[in-house]
Amino acid sequence: MTLEELATYNGKDGNPAYIAVDGIIYDVSGSSRWKNGEHNGHYAGQDLTDIIKNQSPHGISVLSRMPVVGKIVE
């Protein structure tokens with residue numbers, strides 16, 4: 001999936017909420033913390049590698065509980 005395609009998975013209007021970290025796309029739709037595609041001022045449909053790895057208190061550890069749905073391609 002390209003970053004442009006990822007942007008459509010923003011958790012709004014019935015769309016699932018996907019985020020990318022290190023090129024891997026995770027479905028965060030099932031997480032109550034990602035209601036309507038938003039979590040702590042960050043939005044689904046984006047590559048959140050820097051935010052998750054460098055700013056998030058939990059880091060990448062919680063991603064192991066999220067389904068992987070694909071990879072980012074150029």
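Me: Is Ile19 buried or exposed?
Reply: This is a predicted model, where local features need pLDDT of at least 70, side-chain atom pairs count only at pLDDT 80 or more, and totals for chains, interfaces and linings use all residues. Numbering runs from 1 along each chain as its sequence is written, and side-chain values use heavy atoms, leaving out hydrogens and water. Ile19 is found in strand S1; strands (E, at least two residues) and helices (H or I, at least four) are DSSP runs numbered from the N terminus. Its relative accessible area is 1%, and with buried meaning under 20%, exposed over 50% and partly exposed in between (1.4 Å probe, protein chains only), Ile19 is buried.

Me: How many residues form the largest nonpolar core?
Reply: Such a core is a set of buried Ala, Val, Leu, Ile, Met, Phe, Trp, Tyr and Cys residues joined through side-chain atoms within 4.5 Å. Ile19, Tyr26, Trp34 and Leu63 are among its members.

Me: Which residue in S6 does Tyr26 stand opposite?
Reply: The open sheet has four strands in the order S5-S1-S2-S6, with mixed pairing; two strands pair if DSSP finds at least two bridges between them. Here S2 (residues 24-27) and S6 pair in the antiparallel sense over three bridges. Tyr26 stands opposite Val68.

Me: How much space lies in the largest pocket?
Reply: A pocket is an open set of points on a 1 Å grid over the protein atoms alone, with protein on both sides within 12 Å along at least five of seven lines; a 1.4 Å probe fits at the points, and lining residues have an atom within 4 Å of one. Ile19, Trp34, His58 and Leu63 are among those lining it. Volume is the space filled by probe spheres set on the points, which are joined across faces, edges and corners. For this pocket that comes to about 180 Å³.

Me: What is the relative accessible area of Asp13?
Reply: Asp13 has a positive phi of about 55° although it is not a glycine. Its place is in the loop between helix H1 (3-6) and strand S1 (18-21). Asp13 is exposed, at 82%.
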